[in-house]
Amino acid sequence: LDRVLAQVRWTDPWKYDAIHARADWRSRVSTPTERERLGDEGIALLEPALVVNPTLSLSALRARCAIAAGRPDVLVESLWTFGQGTFITAMNGPKAQRESVRKDLENVISLLDREGKKAGADPARFEEVRTHMVNAISRLGDS
């Protein structure tokens with residue numbers, strides 16, 4: 001279906017669903033020889049969609065594609081966007097939601113620690129994003 005989904009126009013209401021489906025399967029390929037190439041294709045599919053419609057789900061999918069592609073630079077930025085959006089949403093929600101988001105952000109930090117320090121990521125940017133996430137977690141508890 002990839003060829004059919006690729007023909008969906010930007011003006012079609014299901015364009016983001018088509019992009020999501022096309023990038024999603026690329027992020028899940030387990031064949032080592034294809035995984036990196038298809039992960040990069042997934043990132044390329046998502047980038048214009050994120051400019052027009054920056055959603056948490058597309059940012060999370062971009063992070064998964066970055067892992068598949070072996071692109072820690074893209075992973076760090078994707079987790080930054082995902083974490084920041086998640087934090088802002090939680091700060092505007094009820095206290096119970098903030099506790100759930102605290103756990104989500106702890107998982108983001110774990111993923112960042114595991115995958116974001118690999119060669120290719122800017123160490124200063126990695127530390128900046130990580131520090132911001134840790135601070136966001138503490139702010140969730142303050143509210």
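These notebook entries record what I looked up in the predicted model shown above.

**Conventions**

I note that the model is predicted, that local features need pLDDT of at least 70, that side-chain atom pairs count only at pLDDT 80 or more, and that totals for chains, interfaces and linings use all residues. I number residues from 1 along each chain as its sequence is written, and side-chain values use heavy atoms, with hydrogens and water left out.

**Entry 1: the chain**

I looked up the secondary structure and found seven helices and zero strands. Helices (H or I, at least four residues) and strands (E, at least two) are DSSP runs, numbered from the N terminus. Along the sequence I read the pattern α-α-α-α-α-α-α.

I then looked up the dimensions. The C-alpha atoms fill a box of roughly 50 × 35 × 20 Å along the principal axes.

Buried residues make up 40% of the 143 residues. I use buried for under 20% relative accessible area, exposed for over 50%, and partly exposed for in between (1.4 Å probe, protein chains only). Among contacts (heavy atoms within 4.5 Å) between residues at least 6 apart in sequence, 58% join residues at least 24 apart.

**Entry 2: helix 2 with helix 3**

How are helix 2 and helix 3 packed, by angle and by distance between axes? Helix 2 (residues 15-27) and helix 3 (residues 32-52) pack at an angle of about 155 degrees, with axes 8 Å apart. The pair is therefore roughly antiparallel. Axes are lines fitted to C-alpha atoms, for helices over the stretch in contact, and angles run from 0 to 180 degrees between N-to-C directions. Angles under 35 degrees count as roughly parallel, over 145 as roughly antiparallel, 65 to 115 as roughly perpendicular and the rest as oblique.

I record the crossing of helix 2 and helix 3 as left-handed, meaning that the near helix is turned anticlockwise from the far one by less than a right angle; clockwise would be right-handed. The contact includes Tyr 16, Ile 19 and Trp 25 of helix 2 and Leu 38, Leu 45 and Val 52 of helix 3.

**Entry 3: helix 2 with helix 4**

Helix 2 and helix 4 (residues 56-69) pack at an angle of about 25 degrees, with axes 9 Å apart. Helix 2 is therefore roughly parallel to helix 4. This crossing is left-handed. Tyr 16, His 20, Ala 23, Asp 24 and Ser 27 in helix 2 meet residues of helix 4, among them Leu 61, Arg 64 and Cys 65.

**Entry 4: single residues**

Is Ser 27 buried or exposed? Ser 27, in helix 2, counts as buried because its relative accessibility is 4%. Leaving aside neighbours within four places in sequence, Ser 27 is in contact with Arg 35, Leu 61, Arg 64, Cys 65 and Ala 68. Ser 27 and Arg 64 are 37 residues apart in sequence and 6.0 Å apart in space, C-alpha to C-alpha.

I found Thr 86 in helix 5 (residues 72-91). Thr 86 counts as buried at 7% relative accessibility, and touches Leu 56, Val 101 and Leu 105, not counting residues up to four places away in sequence.

Arg 3 lies in helix 1 (residues 2-6) and counts as exposed at 73% relative accessibility.
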